[in-house]
There are 2 protein chains.
Amino acid sequence: MPDVIPHDSVGLVSPRTQHFDEPLTLRSGRVLPQYDLVYETYGELNADCSNAILICHALSGDHHAAGYHSMDDKKPGWWDSCIGPGKPIDTRRFYVVALNNLGGCAGSTGPTSINPETGEVYGPDFPIVAVRDWVQSQARLADVLGIKQWAAVVGGSLGGMQVLRWSIQYPERVKHAVVIASAPKLSAQNIAFNEVARQAIAKDPDFHDGWYHKHGTIPKSGLMQARMLGHLTYLSDDAMREKFGRELREGKLNFSFAPEFEVESYLHYQGEKFSTRFDANTYMLMTKALDYFDPARDYDNDLVKCLSQSKCDFLVVSFTTDWRFAPERSLEIVNALTHADKNVSYACIESTNGHDAFLLPIPRYLNLFHAYMERVATSCNLPEVAHE
Amino acid sequence: MPDVIPHDSVGLVSPRTQHFDEPLTLRSGRVLPQYDLVYETYGELNADCSNAILICHALSGDHHAAGYHSMDDKKPGWWDSCIGPGKPIDTRRFYVVALNNLGGCAGSTGPTSINPETGEVYGPDFPIVAVRDWVQSQARLADVLGIKQWAAVVGGSLGGMQVLRWSIQYPERVKHAVVIASAPKLSAQNIAFNEVARQAIAKDPDFHDGWYHKHGTIPKSGLMQARMLGHLTYLSDDAMREKFGRELREGKLNFSFAPEFEVESYLHYQGEKFSTRFDANTYMLMTKALDYFDPARDYDNDLVKCLSQSKCDFLVVSFTTDWRFAPERSLEIVNALTHADKNVSYACIESTNGHDAFLLPIPRYLNLFHAYMERVATSCNLPEVAHE
């Protein structure tokens with residue numbers, strides 16, 4: 001809980017909900033007859049609507065990217081380190097839109113919503129959504145908000161995949177694309193990790209094939225295991241060594257199967273916390289969207305041809321110890337963009353924090369991100385802000 | 001099933017069982033009043049008992065390291081690529097002993113054995129064993145077999161840890177130590193992977209806190225998940241890309257949660273197979289032995305001081321794409337041995353096969369291993385064998 005709102009925070013914010021009546025035909029062929037998107041905005045949209053930034057969230061993210069919902073909040077939004085007055089995405093210059101994706105569990109229509117066709121909770125009947133479906137729904141939200149072209153579409157991890165998709169799906173509507181700690185598609189290893197996580201959920205007896213709502217259960221144990229595994233892949237070996245080493249909770253071996261190394265307790269804690277706040281069907285869906293993402297597939301598996309569709313400038317950022325989406329994966333994007341004659345800036349940031357680094361206030365990262373966003377502002381002819 | 005036994009195979013072999021009545025006090029303080037060790041031998045022990053090689057197995061291994069139990073066997077023992085006439089561990093020169101470790105589930109006393117104190121299956125009451133306990137029990141087996149000193153103690157992964165432990169626990173009894181794809185202790189990340197695997201087993205409702213025998217159940221789903229995760233960490237990202245890429249079983253996306261990428265089917269298959277052959281309590285124990293291994297702890301956390309106890313020569317081998325026990329971990333051992341003025345040879349073998357490489361017939365690896373074992377034979381004054 002902040003005693004006072006920090007001066008570089010967007011302050012107290014409230015989500016809004018936009019209802020859509022026009023049916024959305026999904027990649028799978030299924031149709032969502034109607035849906036809600038919950039979103040937040042920070043900063044002011046200027047008169048010619050040229051200063052709008054779209055934030056795309058990752059697997060477990062949502063629309064609450066910055067600021068506080070109340071003075072009782074223990075933490076600000078998930079990307080508060082990068083969004084706010086004076087921060088890389090400076091809300092004195094930009095109008096920022098962050099939404100919860102379709103299939104999510106933070107307010108947008110998803111497995112926990114009521115299926116209008118049955119009057120009951122969707123549960124596992126909620127269709128599997130693809131990254132392109134999210135992008136289409138985000139474009140409709142942009143229409144409602146009067147945003148013809150985003151000054152930038154920005155995202156990390158699965159969020160970065162949405163950015164790539166935006167750049168080829170609506171090339172006229174994106175001026176800059178910021179793709180952080182992402183990849184042009186998952187590797188077999190990435191898919192395998194996702195499948196192990198899904199198995200943990202699917203095999204939890206409280207999952208009931210996704211119908212846990214009807215059974216009054218929550219597959220906490222499965223979600224906890226999935227999150228423990230996810231967390232493991234977000235952290236680097238180095239970060240874990242620095243943070244935990246082989247420290248024992250009680251200073252000695254227990255010769256029991258209870259968590260006794262600090263790293264075990266930490267993962268248990270993270271897993272427990274997640275299992276009470278996140279929806280299992282949503283977790284399943286989000287990992288499938290990750291697995292399916294492969295925009296080059298529609299272009300003879302040629303990423304150059306694929307990204308040639310785009311018309312924007314790109315910033316691509318990776319982190320040295322990120323092994324979930326290693327720097328080599330970002331370089332695949334950079335190389336394809338270069339071959340496609342696109343304007344691309346690339347930085348690989350030194351960090352021990354693994355994939356998680358993209359959420360952290362690493363000075364070199366923030367500086368570089370800030371500098372790029374200044375370039376975005378200049379290219380959009382946004383007025384300067386007074387430096388403090 | 002081999003139609004004929006290959007000429008470079010040890011042929012048909014049979015396990016033997018050695019019973020021990022002398023109680024064994026374990027690292028945990030608990031005492032095993034009596035126990036059996038099941039083992040196999042290949043080749044002939046020479047008159048002065050100077051040509052004996054001990055093979056230490058890894059997490060899911062056992063005493064069946066080479067040859068066939070019957071003409072119906074589909075596969076030979078787990079390290080058949082390295083043990084046999086003309087192979088790196090040449091059974092024309094060496095007498096090879098391979099055993100199933102205490103706590104195992106292939107015949108040696110473990111969780112599936114009868115607890116003589118209760119007359120019932122040990123189950124989860126079987127004590128957690130440490131690497132030093134295995135080494136002590138292996139030394140007792142050596143006593144029975146009349147082997148005062150091993151020409152070499154050899155092992156990969158968790159097997160390599162037993163080799164290290166042998167070298168400091170019984171320095172007079174080891175002439176050469178061969179430590180392959182191993183580490184001086186687990187990293188926090190390694191421990192975390194083990195804990196996620198244990199959680200998968202422990203949370204399986206068929207596990208019943210380890211008393212599944214009493215309930216007539218088998219925690220197949222938990223074991224399957226644990227194995228899927230284990231397998232993931234044994235393979236490299238490169239190996240998975242080469243083997244599976246993003247190939248789809250049915251050539252197209254299903255938009256369902258059934259396994260649809262080849263890599264998912266493969267892991268399911270491996271997991272299923274393992275879950276019917278391996279004991280869950282043993283899996284729990286073995287991963288704990290891995291977590292606990294840290295011989296330097298008794299020497300002020302100084303690996304140089306620790307390995308200074310040893311009197312043997314060392315061969316240390318790592319593999320380029322092994323990320324479970326990366327080459328850097330082998331180098332920690334090599335550097336400590338060098339600082340301790342020990343005679344150590346080291347090779348890092350180019351391979352795309354990840355941790356699994358140590359089980360595979362990679363020519364450079366086999367050649368180098370072979371050359372080192374010739375040196376072992378020479379240092380033990382073993383007679384030459386005629387080259388075919």
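Analyst: Let's start with the area: domain 1 and domain 2 of chain A bury about 2400 Å² between them, and carbon and sulfur atoms give 60% of that. Buried area here is the accessible area (1.4 Å probe) that two parts lose on being put together, summed over both. On the domain 1 side, L59(A), W323(A) and R324(A) supply 28% of the area buried against domain 2 of chain A, more than any other three residues.

Before going on, a word on where this comes from. This is a predicted model, where local features need pLDDT of at least 70 and side-chain atom pairs count only at pLDDT 80 or more, while totals for chains, interfaces and linings use all residues. Residues are numbered from 1 along each chain as its sequence is written, chains are lettered from A and ligands numbered from 1 in the order in which they are written, and side-chain values use heavy atoms, with hydrogens and water left out.

So which stretches are we talking about? Domain 1 of chain A covers 16-185 + 294-380, and domain 2 covers 190-287; these bounds come from an automatic or database domain assignment. Their C-alpha centres are 26 Å apart. In terms of contact (heavy atoms within 4.5 Å), 32 residues of domain 1 of chain A touch 29 residues of domain 2 of chain A.

Now for the charges. Side chains of opposite charge can pair when their charged atoms come close. A salt bridge here means a side-chain nitrogen of Lys or Arg within 4 Å of a carboxyl oxygen of Asp or Glu, and between domain 1 and domain 2 of chain A the count is one. K214(A) and E120(A) form a salt bridge through their side chains, at 3.6 Å from N to O. Polar contacts are pairs of N or O atoms within 3.5 Å; within protein, one must be able to donate a hydrogen and the other to accept it, and residues adjacent in sequence count only if both atoms are side-chain atoms. By that rule, 10 residue pairs (both at pLDDT 80 or more) are in polar contact across the interface of domain 1 and domain 2 of chain A. The domain 1 side that touches domain 2 has 15 nonpolar, 11 polar and six charged residues. In this scheme Ala, Val, Leu, Ile, Met, Phe, Trp, Tyr, Cys and Pro count as nonpolar, Asp, Glu, Lys and Arg as charged, and the others, Gly among them, as polar.

For comparison, look at chain B. Chain A and chain B bury about 4700 Å² between them, with 68% of it on carbon and sulfur atoms. R246(A), F255(A) and F257(A) supply 18% of what chain A buries against chain B, more than any other three residues. Eight salt bridges are counted between chain A and chain B. E264(A) pairs with R198(B) in a salt bridge, their closest N and O atoms being 2.8 Å apart.

Lastly, the record. In an unreviewed entry, UniProt lists S157(A), D322(A) and H355(A) under "active site"; such annotations may be inferred rather than shown by experiment, and the positions are given in the numbering used here, with feature names shortened. The listed residues are spread over 199 residues of sequence but cluster in space, with a largest C-alpha distance of 10.7 Å. S157(A) sits in the loop between β9 (152-156) and α2 (158-169) of chain A. Helices (H or I, at least four residues) and strands (E, at least two) are DSSP runs, numbered from the N terminus.
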